[in-house]
Amino acid sequence: MDRSLRVGLVGTGFMGRTHSNAYHQTRRFFPDNVGVELVAVCSRDGAKARDFAKQWGFASHETDWRDLVSRDDIDLIDIASPNDTHAEIAVAAAQNGKMVASEKPLGRTLEESRRMVEAVETAGVANMVWYNYRRVPALTLARQMIDEGRLGRIFHSRFKFLQDWTISPDLPQGGAGTWRLDSAVAGSGVTGDLLAHCIDAALWLVGPMSEVCGTTEVFVPERLHALSGKREPITLDDASLFMARFDNGSLATFEATRFARGHKALFTLEINGEKGSIAWDLHDLHRLQYFSYDGDSAMRGWRSIHVTDGDHPYMKAWWVPGLQIGYEHTFIHQMADFLAEIRSGTKTVPDFRDGLAADAVVDAVLKSARSRSWQTVESTAKSAGLEGAA
Ligand SMILES: NC(=O)c1ccc[n+]([C@@H]2O[C@H](COP(=O)([O-])OP(=O)(O)OC[C@H]3O[C@@H](n4cnc5c(N)ncnc54)[C@H](O)[C@@H]3O)[C@@H](O)[C@H]2O)c1
């Protein structure tokens with residue numbers, strides 16, 4: 001592509017803002033890529049869509065995503081709306097020959113996720129899922145270190161994503177802001193929401209998972225529904241824990257909850273290998289903790305790498321060494337990589353098939369919790385075919 005990428009965005013909430021910011025900043029900080037033109041934004045509320053378009057520099061707005069995906073002046077449809085909209089919009093966009101970027105999880109169910117992959121692959125359009133944490137420079141560095149063999153054979157890993165915002169039984173479900181508690185909209189609870197980030201990081205850093213054994217809990221079984229005005233059961237998971245075995249023989253534990261008082265967005269991971277270990281914490285996202293077993297035993301110990309130097313991933317594009325960047329930069333980096341991928345044709349960003357792989361683990365965890373048994377993770381490799389088990 002030798003002209004600017006023309007973008008149509010769906011959703012003006014939290015992710016609508018992070019993506020819009022990424023479009024602006026990637027042009028400024030990664031100027032070698034193809035440009036970006038913000039053509040239209042879509043939200044069901046016309047006034048909101050118009051105000052958002054003005055604030056974020058979109059040339060026009062729509063109130064129905066169907067009008068957005070049928071426009072001739074748009075190359076990429078970017079889906080930043082709740083989970084119940086992803087499959088329908090992505091399939092329609094791909095059928096109209098658009099590139100598609102979707103927020104995670106891909107679908108509410110594995111069946112929806114498979115349809116989304118089938119649609120983009122049949123249409124042959126570029127696609128991406130926003131697993132933005134891969135683009136935290138410290139985690140990109142972690143991946144480089146694993147690829148270089150610095151950890152050696154991996155034995156263990158542990159992942160957590162902890163929040164506390166749903167503890168009050170007075171918090172409603174459904175509607176703006178609390179759609180995450182409504183299973184019809186969200187699909188699953190913390191498993192597909194928070195734990196999906198941990199699962200994607202695990203698949204990316206450690207490798208494919210073969211089987212899982214998990215349990216989930218609903219701590220508040222009924223909440224007022226913001227749209228129906230009635231108290232309705234909560235049928236999705238407030239908390240989710242699981243153990244995993246990987247194809248490489250290593251073991252992992254995972255935990256996500258919205259009931260960990262005192263934690264707002266604590267994503268942590270640790271990986272232990274034969275030659276060394278790494279640990280990372282979203283609240284201190286520019287640091288990577290590293291233990292190397294090499295060298296003089298008296299001098300061994302954990303070191304804290306401040307990932308802010310010009311030779312660290314992405315950091316050359318930013319400030320001078322020693323100065324930090326933050327959460328919003330992960331989206332900027334992912335968009336910059338997607339634009340580079342469009343030009344080079346070489347895959348660098350997580351695509352829909354990577355999203356499907358994470359969703360297959362989510363599905364296996366939920367099945368395991370229901371059946372109280374170990375579950376095999378369904379293969380999502382291209383060779384396994386899309387039809388696989390539903
Ligand atoms: N990558 C991440 O770190 C991350 C973080 C948060 C959310 N997410 C994902 O992003 C998506 C959006 O989450 P959010 O936190 O931005 O939600 P949000 O509630 O803040 O915003 C959702 C937006 O979608 C709009 N919307 C809803 N239905 C629509 C429809 N039918 N047509 C057009 N617009 C519609 C709403 O009006 C709102 O503007 C979800 O899939 C969520 O899982 C990802």
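1. A term to begin with: two residues are in contact if their C-beta atoms, placed from the backbone, lie within 7 Å. Helices (H or I, at least four residues) and strands (E, at least two) are DSSP runs, numbered from the N terminus. Residues are numbered from 1 along each chain as its sequence is written. This is a predicted model, where local features need pLDDT of at least 70, side-chain atom pairs count only at pLDDT 80 or more, and totals for chains, interfaces and linings use all residues.

2. Do look at helix 4 (residues 83-95), where Asn83, His86, Ala87, Ile89, Ala90, Val91, Ala93 and Ala94 are buried (20 or more other C-beta atoms within 10 Å of the residue's own, C-beta atoms being placed from the backbone). The partners of these buried residues include strand 1 (5-10), strand 4 (76-79), strand 5 (99-102) and helix 5 (110-123). Just after helix 4 comes Gly97, with a positive phi of about 80 degrees.

3. Helix 1 (residues 14-29) packs on helix 10 (residues 328-344) at an angle of about 60 degrees, the axes being 8 Å apart (axes are lines fitted to C-alpha atoms over the stretch in contact, and angles run from 0 to 180 degrees between N-to-C directions). On the helix 1 side, the residues that meet helix 10 include Thr18, Tyr23 and Phe29; on the helix 10 side, Phe331 and Met335 are among them.

4. Finally, the ligand: helix 1 and helix 4 each supply at least two residues of its shell, and helix 1 gives the most, with three residues.

How values were computed
A residue is buried if 20 or more other C-beta atoms lie within 10 Å of its own, exposed if 12 or fewer, and partly exposed in between; C-beta atoms are placed from the backbone.
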